[in-house]
Amino acid sequence: MGPTRRSEFPLRAQRADADAAPAPRVSAADASGWRPPPVRRDELAHPTAGARESRGRLARKAVPRSRHGEWEPAADRLDPIELLQEQARERVPELNPIRYGRMLVSPFAFFRGAAYVMASDLAPEPRTGLDTQLCGDAHLSNFGTFAGPDRELVFGLNDFDETLPGPFEWDVKRLVASLEVAGRDRGFPAKRRASIDLAAARAYREAMRHFAGLRTLDLWYIHIDRSVGELVNEWAAGVRRGELKRFERDVAKARTKDNLQAFAKLTRIVDGTPQIISTPPLIVPIQELAGPEAGEALGQAIREITHYYRRTLPHDRRQLLERYRYVDSARKVVGVGSVGTRDWIVLLLGRDEHDPLFLQMKEAQTSVLEPFLKKSAYANHGQRVVEGQRLLQGASDILLGWIRSTSWIDGENRDFYMRQLWDGKGSAPVEAMDDEALRSYGELCGWALARAHARGGDAIAIGAYLGSGEAFDRTTASFAARYADQSERDYEALKRAADSGRIQVQTGL
């Protein structure tokens, strides 16, 4: 059975009922006449490379590349504050003011938390029909380092809460728009911002065309040749020495973010037993949330949940996890856009008190893309996130899995995914970058996004659509400037909503 939910984006559902017809979807298959070759039910379609190239070129007729730069807000555009409030209805009520407070820190912080707003804005636009597995929230701060199975740091997308199959251009537009918003936050002049935006779009296009020429297995293994150390050396020529030193310090810091550091920072010893430190409202141990009498029962529920989670891991990882025992858990506030979702940290111990393992159990709600695209193929949104991450990331956390809760806190069945809390995860300080560093980092993110899309979609067709010239780059950069204007207006609307009391805000957290 599926999860019990109060609602899934009711505002969009109400609007769909009221409209005479949904916005048309223009795709290569619809407008150009391309169709995949017929296959038997027990066969997979394997069109030739030439046919896949033709599909990409035909998509240009359906949606010319120049069309991507023509965005304007729709006349019936939904109120962005209503959209944010709609999301808030499914979240922990007392945490929503923290989310608004974090979004009000800057226009870039607002952009980070407004993935649903942007998905709503992209939905009416013509679509290329060239779908891939989308990140769904591909802004700059959702790229960074993480530890691969061999413990080496790699770089790529590191947030997949909104992942879903969809038109490749949606992720690219969100990435390049985030560069434009970040450049405005940093005070860079318009000409310099346009150069940064163009460089990121170009990096995506050139990388995709390169991936289109690789053998299938070579494309699948491409991440192995891109360690963080090699990336630092490759991109060093594009940044000033001071910025390079900053980036190297960030990488060094990410290398130390492991279970031992989490244990030292987040716990204390009480009567010989480690306990998670309470720092409400950001970290609240389970006993405080449920009361001392219910705390043990809830602890047992988490043990049962962890047992279910084991079954979503490969057999060797199950054996690894079974060597740890449950000790404590707490609710933890994370991120900007994620604030208000039910996120837990779970402390386990192995051979002794010096052998900790911290897991994060993060609620997976309906993707912000789902009201505008096809419904997820997975009944469990935790599995949706995990399967999307494994496809796009290539080298994922060895303990990545999912569960469905058993109504153990608020009487609702909810989906979660689980992973290590700190496993070399880190992101670049976008808010402190100079223009050269932001340009180089944007190019790196463009390359990483293309790699992910090439794994999750048809690199040959997408590469053929993009072409060898800069048409797509220029129009995407133009879109980014137009959409940044809208995002700034939405940010001001959120400020007015806070000032008028329409929303409650808690700052400084």
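Strand 8 (residues 325-332) pairs with strand 9 in the antiparallel sense, over 6 bridges. The model is predicted. Strand 9 (residues 343-349) is also joined to strand 10, and elsewhere helix 8 meets helix 18.

**Pairing of strand 9**

- L349 stands opposite P356 in strand 10.
- The link from strand 9 to strand 10 is a hairpin of 6 residues.

**Burial of strand 9**

- Strand 9 is mostly covered, with 7 of its 7 residues buried.
- D343, I345, L347 and L349 point one way from the strand, while W344, V346 and L348 point the other way.
- The residues on both of these sides are all buried.

**Helix 8 and helix 18**

- Two packed helices are described by the distance between their axes and the angle between them.
- The axes of helix 8 (residues 168-185) and helix 18 (residues 435-456) come within 11 Å and cross at roughly 170°.
- Angles over 145 degrees count as roughly antiparallel, so helix 8 is roughly antiparallel to helix 18.
- The crossing of these two helices is right-handed.
- On the helix 8 side, the contact is made by F168, D171, V172, L175, L179, A182 and G183.
- On the helix 18 side, L438, G442, C445, G446, L449 and H453 take part.
- By class, the residues in this contact are 8 nonpolar, 4 polar and 1 charged.

How values were computed. Residues numbered from 1 in each chain as written. Predicted model: local features only at pLDDT ≥ 70, side-chain atom pairs only at ≥ 80, totals over all residues. Heavy atoms only, no water. Axes fitted to C-alpha atoms, helices over the stretch in contact; angles between N-to-C directions. Helix = DSSP H or I, 4+ residues; strand = E, 2+ residues; numbered from the N terminus. Parallel < 35°, antiparallel > 145°, perpendicular 65-115°, else oblique. Left-handed = near helix turned anticlockwise from the far one by under 90°. Contact = heavy atoms within 4.5 Å. Nonpolar A, V, L, I, M, F, W, Y, C, P; charged D, E, K, R; others polar. Buried < 20%, exposed > 50% of the residue type's maximum accessible area, 1.4 Å probe, protein only. Pairing = 2+ DSSP bridges.
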